[in-house]
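Student: Could you take me through one part of this model up close, the sheets and what sits around them? I'd like the cut-offs spelled out as you go.

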Amino acid sequence: MREFGYRRVSDVRGAVALLDAEPDARLLGGGTNLVDLMKAGVERPGLLIDVRELPLDRIGGTDGGGLHIGATVTNSDLAAHPEVRRAYPALAQAVLAGASGQLRNMATVGGNLLQRTRCGYFTDVTQACNKRVPGSGCPAVAGEHRNHAILGASAHCVAVHPSDMGVALTALDAVVSYETVDGAGELPLAELYLPVRDTPHRETALPAGALITGVTLPSAPVAAVSRYRKVRERASYAFAIGSVAAALDVQGAAGGARGAVVRDVRLAFGAVASRPWRAREAERLLTGGPASAEAFAAALDAELAAAEALPGNGYKVALIRNLAVALLTELTEPTEESAG
């Protein structure tokens, strides 16, 4: 591990000033991803800026009826927050699915969103990897790629983004707030991660030296009827091989009965692309149409028509299709509250 400096900061302006002055500095929150990559020799920062004492650890309502989540809120506190559980249940479920209890106690919202899109080739410094060394190649394309991308990838990188939280936030139209030495800015989460193309080492659209300060969820009645479902190769803590965040507002008969119409729908996939994948085409086809398993399946087929599977990961197309159809169908069923 390279020798590095360490600075603890207690104000946002001081943090971004340090980032601006030290181009090879990295922000340290819970350290659950960064420290592992440092131990492996993948990340070699000259300075760690400890942001855990920044005043960004609060969750509160916004003037528009939404919710603002500070960047240093821990995953555990986020998942347990009563307003998150009530108004954005898919987010709470995604966070709880994302890691062990010990990791959730340490990991932060900002750090979760900025964890590196990675695979085994990226974390092994003896292997080529375009994300680590641009132009060196992507051995996963012809090698081990069972859990790699089927959407939005390129010959330069087929790794998938690992965040569960990010999938739910993408479906719920979250907006990321950030600060730089030039001032504050905002970015829709759906635009935070850059397409892979031929520059997989450039992962986000954040300006250089930016510090994420929080995430805002807009007020949306549909978000209260939302769920997150994750498939993994073992029941204990593991990355997804496919996941879906869905929110559905159905007008008319419940339970998928004839006459029920989709009034609003939000849909995002995880573990299928280098970023959380917002299923815009499926949403477009479903809105205003019947709330039936047949309609859900047709919309998912249209969304996944763009999939380009590798020889070892074609199973993901059917997995995501069936998972999304099942989840949307569940969301048409009456809850105990509505039935009572």
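Tutor: Three strands make an open sheet in the order 1-3-2, and the pairing is parallel. Strand 1 and strand 2 (25-28) are at the edges with a single partner strand each, so one side of each has no neighbour in the sheet. On average, neighbouring strands here are turned by 25 degrees against each other, direction ignored. Keep in mind that this is a predicted model: local features need pLDDT of at least 70, side-chain atom pairs count only at pLDDT 80 or more, and totals for chains, interfaces and linings use all residues. Residues are numbered from 1 along each chain as its sequence is written, and side-chain values use heavy atoms, with hydrogens and water left out.

Some terms, then. Strands (E, at least two residues) and helices (H or I, at least four) are DSSP runs numbered from the N terminus, and two strands pair if DSSP finds at least two bridges between them. Axes are lines fitted to C-alpha atoms, for helices over the stretch in contact, with angles from 0 to 180 degrees between N-to-C directions.

Back to the parallel sheet: strand 2 and strand 3 (residues 47-50) are joined by four bridges, and R26 stands opposite L48 in strand 3. Helix 1 (residues 12-21) packs on this sheet and touches strand 1, strand 2 and strand 3, with its direction at about 170 degrees to that of strand 3. Contact here means heavy atoms within 4.5 Å.

Five strands form an open sheet in the order 4-5-8-6-7, with antiparallel pairing. Strand 4 (59-61) and strand 7 (183-188) are the edge strands, each with a single partner, so one side of each is left without a neighbour in the sheet. Neighbouring strands of this sheet are turned by 25 degrees against each other on average, direction ignored. Inside that order, strand 5 (residues 67-70) and strand 8 (residues 211-217) pair in the antiparallel sense over four bridges, and L67 stands opposite L217 in strand 8.
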